[in-house]
Amino acid sequence: MEFDVRKGNVTEIETDALIVNLYQDVKEPGGATAAIDAALEGQISGLIEDGEITGRLEEVTIVHTAGRLPAKRVVVAGLGKKEDADLEGVRRATGAATGRLLKHRIKRFHTILHGGGDLESTGVAVKDLAQAIAEGAGLAGYVFDRFKTVEPEREPGQPTERKKRALEALTVVEADGLKVRSIRAGLERGAKLVEAVNYTRDIGNSPPNEMTPARLAEEARELAERHGLEVEVLDREALESAGMGGILGVGQGSSNEPRLIVLRYAGGRPNARPFAVVGKAVTFDTGGISIKPSPNMEEMKFDKMGGCATLGIMKAVALLGLKKNVIGVIPSAENMPSGTAYRPGDILTSYSGKTIEIINTDAEGRLILADALAWACEQEPAAVIDLATLTGSCVVALGHHASGAFGEESIVARLEEIGERTGDRAWALPLYTEFGDDMKSQIADIKNSGGRWGGASTAAAFLKFFVADGVPWAHLDIAGTAWVTKPKAYRPVGATGAGVRLVAEYLSSR
Ligand code: BES
Ligand code: MN
Ligand code: ZN
């Protein structure tokens, strides 16, 4: 995908499609949209009058210019109510327009700078608007078609060609030469984050027969090679020597053996405390002996998204060239029922030495994270953030609209604020000490299930038990946000890459 800016006048741009915009309930278009409307002899205002264009957010109207403009088509993207306008609106409007154009196989097009002028006057930076445009288009322009061997919608007279629907190029057209530099900077930053998120999606969408713990480790090695990161992989034997009883317990039922993957990015002073990002990568979660029901079980290939997001965050950190040290820690296992599987009643000894009574083998994510978090805390980190598709309870609480955030209040507050701005939302949920009481075991140090109620919080309390005292830590439960089965403006069906932009922007801001 290419993102570019060009100084010019919208009425003079030669392109397959030019995206302009309209706020909701505006009868008379303004700015660039007005100039286009005039060249089209009032066709856009006519459509507004007829009620065919309303300007509501994510509305997309394609108008053919029939030779009245050098642009073949004008796309009017609804921006929603002016008083609600924000960067996320720009992202969603651009994403919706991009999605529609790609449906028509239009893969290279132009846009104006949405929000330039009006949002700008409320204090939003031009650079941020450009970044939001790159994100909206680049994330909406993603396709996972690696396993499509035939192209069903062949165009008449055209040879069969795969990878038709991914975005190729978006150019922002700007008349004000003074804005060009900021727009370019924003597009560049957006493009890097898009690359990291779409990379996360590619690995996440990969099927579980391919993306095993060993293969995920290979992906990490390739990432490290490409971006100059340090990589270390612990296989089953190494996990045994290290005493990682949580990862080993969960992984012992599968012939795809578990791994602990560690990536190190050194952008800061050599002695500066690193930030640690820890991500759950259960490559497939059947529930194990406490087996899950069959309906929708195929979605449990996405139980690796915390780990995939961690890879994406490491990629983003490297692409952005952050001046800090960051460690990515990814415990990975496949949770299967078999003759060698761990069982309810088993007691595992975690890396920290603390013992865990297994109540439910489907509460496996916390077991692999227990080892990884304890290991991460030994690295004397400045802070630890973990990401995990940890609980169904979190989906019940927040739906698909925000990740649950737990732990250190100052980190959680910052994540909430960045989530609001980036659209990669996080919402604070409580971690009262009482939730920890629910996890007490009669015979071991802790048990792995506290029952049904408050499941997202009891899971977080379990994790906290393995975080060393004094280490600032936050946990993101991405169970409801890591994938979608209904497409959203810039989130096509499948893995979303939730948490990548959120944590990358967090690290960037620290
Ligand atoms: N991976 C699941 C959580 C999950 C469920 C994520 C549905 C996304 C959608 C996790 O391993 C799990 O099974 N959690 C159990 C815990 C329970 C047994 C204590 C849950 O949430 O039901
Ligand atoms: Mn599970
Ligand atoms: Zn799981």
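Analyst: A cavity is a set of points, on a 1 Å grid over the protein atoms alone, where a 1.4 Å probe fits but cannot get out, and its lining residues have an atom within 4 Å of a point. Points join across faces, edges and corners, and the volume is the space filled by probe spheres set on them. The model above is predicted, so local features need pLDDT of at least 70 and side-chain atom pairs pLDDT 80 or more, while totals for chains, interfaces and linings use all residues. Residues count from 1 along each chain as its sequence is written, chains are lettered from A and ligands numbered from 1 as written, and side-chain values use heavy atoms, without hydrogens and water.

User: Which residues line the largest cavity here?

Analyst: Tyr23, Leu79, Ala85, Asp86, Gly89, Val90, Gly115 and Leu119 do. The space inside the largest cavity is about 40 Å³. By this rule, there are 2 cavities of 30 Å³ or more.

User: Let's turn to metals. Which residues coordinate the zinc ion (ligand 3)?

Analyst: Start with the idea of a donor: an N, O or S atom within 2.8 Å of the metal (3.2 Å for Na, K and Ca), with water absent, so sites may look incomplete. For the zinc ion (ligand 3), look for Lys280 (NZ), Asp285 (OD), Asp303 (OD) and Glu364 (OE), at 2.0 to 2.4 Å. Along the chain, these donor residues follow the spacing K-x4-D-x17-D-x60-E.

User: Why is the arrangement around the zinc ion (ligand 3) called octahedral?

Analyst: Six donors count as octahedral if opposite ones are over 155 degrees apart and all others between 65 and 115; four are square planar by that test, or tetrahedral with all angles between 85 and 135; anything else is irregular. The zinc ion (ligand 3) has 6 donor atoms subtending angles of 78 to 176°, and that makes the arrangement octahedral.

User: What is the site of the manganese ion (ligand 2) like?

Analyst: That one is irregular, with angles of 71 to 167° among its 6 donor atoms. Its protein donors are Asp285 (OD), Asp362 (O), Asp362 (OD) and Glu364 (OE), lying 2.1 to 2.2 Å away. In sequence, the donors of the manganese ion (ligand 2) are spaced D-x76-D-x1-E. Aspartate 285 bridges this ion and the zinc ion (ligand 3), and the two ions are 3.1 Å apart. Aspartate 285 sits in strand β10 and glutamate 364 in the loop between β13 and α11, so this pair ties together parts 79 residues apart in sequence. (Strands here are DSSP runs of E, at least two residues; helices are runs of H or I, at least four, and both are numbered from the N terminus.)

User: Is aspartate 285 buried or exposed?

Analyst: Buried means under 20% relative accessible area, exposed over 50%, and partly exposed in between (1.4 Å probe, protein chains only). Aspartate 285 counts as buried because its relative accessibility is 3%. Glutamate 364 is buried too, at 0%. On the exposed side, alanine 66 has 71% relative accessibility and is found in the loop between β3 (60-64) and β4 (73-78). Its phi is near 45°, a positive value in a residue other than glycine. Glycine 399 counts as partly exposed, with 21% relative accessibility; look for it in the loop between α12 (392-398) and β15 (403-407).

User: Which residues touch the most other members of the largest nonpolar core?

Analyst: A nonpolar core is a set of buried Ala, Val, Leu, Ile, Met, Phe, Trp, Tyr and Cys residues joined through side-chain atoms within 4.5 Å. In the largest one, with 61 residues, they are Leu311, Leu476 and Leu507. Helix α10 gives the most to this core, with 10 residues. A second, separate core has 39 residues, including Val282, Val384, Leu390 and Val471.

User: And lysine 315, where is its place?

Analyst: Lysine 315 is in helix α10 (residues 305-320) and is buried, with a relative accessible area of 3%. Contact means heavy atoms within 4.5 Å. Beyond its neighbours within four places in sequence, lysine 315 is in contact with Glu195, Ala196, Tyr199, Leu223, Arg226 and His227. Leaving out neighbours within four places, threonine 200 contacts Met305, Cys308, Ala309, Gly312, Gly497 and Val500.

Technical notes. 1 Å grid on protein atoms, 1.4 Å probe; cavity = no way out; pocket = protein on both sides within 12 Å on 5 of 7 lines; lining within 4 Å.
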